[in-house]
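Biologist: I have a new model open and would like to learn how to read it. Could you walk me through it?

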Amino acid sequence: MSITQGTSVRGTRVGQLIATVVTLPAAFFAYIIGSLTPMACDSCNGAEADRFNRKFDTAFTILQVGLLTSLALLLASWGLPQTEKTAARRALFAVLAPSTVMFSFLLFTGIVPTPN
């Protein structure tokens with residue numbers, strides 16, 4: 001009696017490679033833009049600065065969690081065995097990784113108020 005682990009599939013890492021090439025630079029630029037966002041409120045003072053800082057702190061935390069989640073999804077897509085049985089999960093994780101970066105960045109920009 002032998003235990004089969006599924007048949008190996010050749011050439012199925014293309015989706016993960018594309019996801020990696022898209023996700024890593026997008027996450028880098030999202031993090032840089034998020035880090036530079038407080039400069040938009042350099043001239044703010046008083047209540048406007050307090051409101052900006054409160055919302056920015058929350059939004060930046062959400063951005064960081066989203067970027068770490070996208071990295072975890074990317075690593076999961078690469079870490080799953082290369083078999084027919086896991087092909088759908090690998091593809092799903094590969095698609096979700098850059099999508100999570102974009103969603104996190106859009107959520108970040110939606111939460112941070114634009115100073116007047």
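Predicted model: local features only at pLDDT ≥ 70, side-chain atom pairs only at ≥ 80, totals over all residues.

Biologist: How many helices and strands are in the chain?

Modeller: Helices (H or I, at least four residues) and strands (E, at least two) are DSSP runs, numbered from the N terminus. The chain has three helices and zero strands, in the pattern α-α-α.

Biologist: Which residues of helix 1 are buried?

Modeller: Buried means under 20% relative accessible area, with a 1.4 Å probe and protein chains only. An α-helix has 3.6 residues a turn, so residues three or four places apart point the same way. In helix 1, the buried residues are Q16, A19, T20, T23, A27, A30 and G34. Their cover includes helix 2 (47-79) and helix 3 (87-111).

Biologist: At what angle do helix 1 and helix 3 cross?

Modeller: Axes are lines fitted to C-alpha atoms, for helices over the stretch in contact (heavy atoms within 4.5 Å), and angles run from 0 to 180 degrees between N-to-C directions. These two axes, of helix 1 and helix 3, come within 9 Å and cross at roughly 15°. Helix 1 is therefore roughly parallel to helix 3, a label for angles under 35 degrees.

Biologist: Which residues meet there?

Modeller: Among them, A19, T23 and A30 in helix 1 meet residues in helix 3 including A94, V101 and F105.

Technical notes: Residues numbered from 1 in each chain as written. Heavy atoms only, no water. Buried < 20%, exposed > 50% of the residue type's maximum accessible area, 1.4 Å probe, protein only. Parallel < 35°, antiparallel > 145°, perpendicular 65-115°, else oblique.
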